Amino acid sequence: MTSEETRIGRRGRGRAARVAARSAPEAEVDPCPPGQPGGSYRPLSDADLKAICDEAFRVLAEIGMGDVPAVVRQRALDAGAELNATDRLCFPRTMVEDIIDGAAKRFVYHGRDPRHDFEIGGDRVYFGTGGAAVQTLDRETGLYRPSTLEDLYDFTRLIDTLANVSWFTRCCVATDIPDNFDLDVNTAYALLAGTTKPVGTSFTLPDYVAPVIEMFDMALGGSGRFCKRPFCKAHISPVISPLRYGEDAVGVTLECIRLGVPINVIVAAMSGATAPATPAGFLVQSTAETLAALILVNLFAPGYPMIFSNWPLVIDLRTGAFCGGGGEISVMNAASGQISRHLGLPCGVACSMSDAKAVDAQMGMEKALSALAAGLGGANMIYESSGMMASLLGVSFEAFVADDEMLSHVHRAIRGIEVTEETLGFETIREAVAGEGHFLGAAQTMAAMQRDYFYPSLADRSEPATWAEAGASDLMARARTRCDDILSTHYPVYIAPEADAVIRERFNILLPRERMQRQ
């Protein structure tokens, strides 16, 4: 073939590509929805897993737990625990293994709308939120300011529209509410008002749990309704590193058990500060501590729905500052998920806790790296995955939108590659070679377009000239525009007016009604 024939041939194939692209159907099926099976990334070998778990059992049996509340101490001793020479409560390995065997392995995390229900346990991976940021990145000034109740409500209704945020745990603290009881109640109210996805919150004191459940029942239409479909879990840290119980958090745990609130027990030690600096040593201690929390829950309610959340956190050993992004925290959370799955427990880890202050390249690098590692590691629930900035001190509306699209790519990577006779495509290759010399317009290509490929709507894939003609916007600007569109129009009514009136009469609800409707 002459060079001219080659040039014409290439030009012809270029025209064919453009024609095929114009005639191709729009992708209608999400090729990467939440709930992909994880576990293909295994940072720990089988021998590593055994060594870490064996050492965690040894820590519980020989070092044990301190600051044990009296009610827990007696219950544990009656169940086979022992006191060592320093009066620390120790758990023999056989006792711990029996508790693991009897612990919940799977349970449904309910949404108020059953469309949002999903099962926790096994190998399915879901991303959601967490955090207690005290600052919000203002969409107008681009600077951080104290977070408010209205911010929390806006974040809640924003994530109500984001497909990859499978549940919403309050991401910021309403710093404009000084009273702790009002803070807990209004936080729960904002979650009720903004979404019907599963939600999560925390409680300052045990006495605050019952009133919040009462409010949930009011919203649902009657006493006892929440217990039938518990859509809100409690985030509790009853273990304080290193290796001691926290009395108030233990009290909240027991009160949640009494009232049927699912529990996410979080251990969040920090490397070189409250846990060993070596990743292996860190995982030994944090695994032992999370098992101590599992023991606590199952001593009082065997088989109770609990998420085994071992969240390794990393500090910069040069300065002592928390590091939410980087290779160390990514591999350690992936390893934590691997350990929890090895134990057969419904598990949670954390990711995407970027140290970046702006929606920029640093944010994208840190969030994508840690989210991908955690997802491939196979933890069931991956917290902090959206919106969190500034090493968990801040939260961003634009980051929520950008992270939602990033998580589609992560789910697609977790999904992997399906190898079948049809996807191997021998006959499709034969037809292309014998025919037009390309695969554009082939039936297999059209099927793969919708089944195998994700098409971002926020990321820009246009050529430079087209991008410039459209205003040369960056990701931050496009994310802000999308946030503005959502928040100016999406005002869901998820609390019936008559129920809302009863709730406001009973509680000091500080979110104005007029703020909850389109202006």
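The model is predicted, so local features need pLDDT of at least 70, side-chain atom pairs count only at pLDDT 80 or more, and totals for chains, interfaces and linings use all residues. Residues are numbered from 1 along each chain as its sequence is written, and side-chain values use heavy atoms, with hydrogens and water left out.

A search of the whole structure returned eleven aromatic pairs. Rings of Phe, Tyr and Trp (its six-membered ring) pair if their centres lie within 6.5 Å; planes under 30 degrees apart count as stacked, over 60 as edge-to-face and the rest as tilted. Tyrosine 109 and phenylalanine 118 form an edge-to-face pair. Their centres are 5.6 Å apart, with 70 degrees between the planes. Tyrosine 109 is buried, at 1% relative accessibility. Phenylalanine 118 is also buried, at 7%. Buried means under 20% relative accessible area, exposed over 50%, and partly exposed in between (1.4 Å probe, protein chains only). Ring pairs join Tyr109 and Phe118 with Tyr126, Trp167, Trp311 and Tyr383 in a cluster.

Phenylalanine 181 and tyrosine 208 also pair. Their ring centres lie 5.2 Å apart and their planes meet at 70 degrees, so this pair is edge-to-face. The pair links distant parts of the chain, 27 residues apart. Phenylalanine 181 belongs to helix 6 (residues 180-194). Tyrosine 208 sits in the loop between strand 10 (199-201) and helix 7 (209-220). Helices (H or I, at least four residues) and strands (E, at least two) are DSSP runs, numbered from the N terminus. Phenylalanine 181 is partly exposed, at 24% relative accessibility. Tyrosine 208 is buried, at 16%.

Two arginines lie over ring faces. A charge sits over a ring if NZ of Lys or CZ of Arg is within 6 Å of the ring centre and within 35 degrees of the ring normal. Arginine 139 lies over phenylalanine 397, at 5.1 Å from the ring centre. Arginine 157 lies over tyrosine 491, at 4.0 Å.

Glutamate 398 is part of helix 13 (residues 397-415). Its relative accessibility is 0%, so glutamate 398 counts as buried. Its side chain makes a polar contact of 3.2 Å with the side chain of serine 396. Another, of 3.1 Å, reaches the side chain of arginine 480. A polar contact is a pair of N or O atoms within 3.5 Å; within protein, one must be able to donate a hydrogen and the other to accept it, and residues adjacent in sequence count only if both atoms are side-chain atoms. Leaving aside residues up to four places away in sequence, glutamate 398 touches Leu137, Arg139, Val359, Met476, Ala479, Arg480 and Cys483 (heavy atoms within 4.5 Å).
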